[in-house]
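Dear colleague,

Here is the structure for your files.

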Amino acid sequence: MVFEDKMIMNGEPEEEEEEEEEEEEEEMDPLETLRGKCEQTEHCVHARERLEACESRVGSRSETTEDCTEELFDFLHARDHCVAHKVFQSIK
């Protein structure tokens, strides 16, 4: 179907795609914005530091069964807990 549209329009759909991409770039997802702000909080920064320390520790070893799943979940939980309290205030 897309191929047929391009044949009929002779390239005009590409212009429409560019306009759609520009509109998407202008609109910021409030969830992503809140996640960025929440990652700056003290609790999230601490959880991220623990995750990064684990990743560097695991990355420095050649043979290990350790992974950083617990630290990753701790960080995501801390960030999402912060976001959960603020996300519905920004919904229109």
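The notes below cover the disulfides, the remaining cysteine and the nonpolar cores.

This is a predicted model, in which local features need pLDDT of at least 70 and side-chain atom pairs count only at pLDDT 80 or more, while totals for chains, interfaces and linings use all residues. Residues are numbered from 1 along each chain as its sequence is written, and side-chain values use heavy atoms, with hydrogens and water left out.

Disulfides

Taking a disulfide as a pair of cysteine sulfur atoms within 2.5 Å, the count is 2. One of them joins C38 to C82, with an S to S distance of 2.1 Å. This pair links distant parts of the chain: C38 sits in helix α3 (residues 30–38) and C82 in helix α5 (residues 69–86), 44 residues apart. Helices here are DSSP runs of H or I, at least four residues long, numbered from the N terminus. The link of C38 and C82 is left-handed, with -70° about the S-S bond. Both cysteines, C38 and C82, are buried, where buried means under 20% relative accessible area with a 1.4 Å probe, protein chains only.

C54 and C68 form a disulfide as well, with 2.1 Å between their sulfur atoms. Here C54 belongs to helix α4 (residues 42–60) and C68 to the loop between α4 and α5; the two are 14 residues apart and link distant parts of the chain. The torsion about the S-S bond of C54 and C68 is about -95°, so this disulfide is left-handed. C54 and C68 are both buried.

With bonded cysteines counted along the chain, the pattern is 1-4, 2-3. C44 is in no disulfide; the nearest cysteine sulfur, that of C82, is 5.6 Å away. C44 counts as buried, at 1% relative accessibility.

Cores

A nonpolar core is a set of buried Ala, Val, Leu, Ile, Met, Phe, Trp, Tyr and Cys residues joined through side-chain atoms within 4.5 Å. The largest has 8 residues: C44, A47, L51, C54, V58, C68, F75 and A78. Helices α4 and α5 each supply at least two residues of this core, and α4 gives the most, with 5 residues. Apart from this core lies another, of 5 residues, including L34, C38, C82 and V87.

As for contacts (heavy atoms within 4.5 Å), A47 touches D74 and F75, leaving aside residues up to four places away in sequence.

Regards

How values were computed:
Buried < 20%, exposed > 50% of the residue type's maximum accessible area, 1.4 Å probe, protein only.
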